[in-house]
Amino acid sequence: YVFDNEYKPRFSVKGARLGTVTAKYDQFTFPSELQFGFGVSTDILFGKMDFLLDYKSIDSAADSNRKIHIGSLYHLGAMSLAFGVDDYGLSTGINYGLDVIQAGIAFSTTQLPWRTDDYYSQTVYLQIGWKL
């Protein structure tokens with residue numbers, strides 16, 4: 001739902017993983033979950049800035065503090081810059097979209113100052129798409 005005022009605050013609610021798993025596949029645990037999102041937008045000197053906060057799980061067994069995701073989007077014409085952070089890692093990217101063609105590149109890392117484990121991954125994603 002988007003409220004009608006200067007900052008365009010918006011709120012979303014989603015039911016995730018609704019359904020059942022047969023006894024044959026009882027080793028899979030996918031509990032149902034309510035997910036929430038909140039965002040605001042503001043015009044800045046050049047372009048528009050979105051600030052986003054989500055409460056959702058990537059891992060169904062995650063603690064509550066691992067379900068908080070913070071992000072921002074900077075829109076300048078057909079270009080958008082993105083940044084996100086949560087307990088799983090950092091991500092940043094750029095997307096360029098025209099009327100029928102979109103292209104983007106994003107970088108994600110799990111190597112964070114507050115993480116104490118030795119595991120980390122660094123990934124680059126490339127997206128190219130078009131509308132038919």
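A: Strand E2 (residues 33-43) and strand E3 (residues 48-55) run antiparallel and are joined by 8 bridges. Strands here are DSSP runs (E, at least two residues), numbered from the N terminus, and two strands pair if DSSP finds at least two bridges between them. Within this pairing, Val-40 stands opposite Phe-51 in E3.

The model is predicted, with local features requiring pLDDT of at least 70 and side-chain atom pairs counted only at pLDDT 80 or more, while totals for chains, interfaces and linings use all residues. Residues are numbered from 1 along each chain as its sequence is written, and side-chain values use heavy atoms, with hydrogens and water left out.

The two strands belong to an open sheet of 8 strands in the order E1-E2-E3-E4-E5-E6-E7-E8, with antiparallel pairing. Its edge strands, E1 (10-16) and E8 (122-130), each pair on one side only.

A search of the whole structure finds 2 salt bridges, a salt bridge being a side-chain nitrogen of Lys or Arg within 4 Å of a carboxyl oxygen of Asp or Glu. One joins the side chains of Arg-10 and Asp-50 (3.7 Å, N to O). This pair links strand E1 to strand E3 across 40 residues of the chain. Arg-10 counts as partly exposed at 21% relative accessibility, whereas Asp-50 counts as buried at 6%; buried means under 20% relative accessible area, exposed over 50%, and partly exposed in between (1.4 Å probe, protein chains only).

The side chains of Lys-67 and Glu-33 also meet in a salt bridge (2.9 Å, N to O). Lys-67 lies in the loop between E3 and strand E4 (68-76), and Glu-33 lies in strand E2, 34 residues apart. Both Lys-67 and Glu-33 are buried.

Conventions. Helix = DSSP H or I, 4+ residues; strand = E, 2+ residues; numbered from the N terminus.
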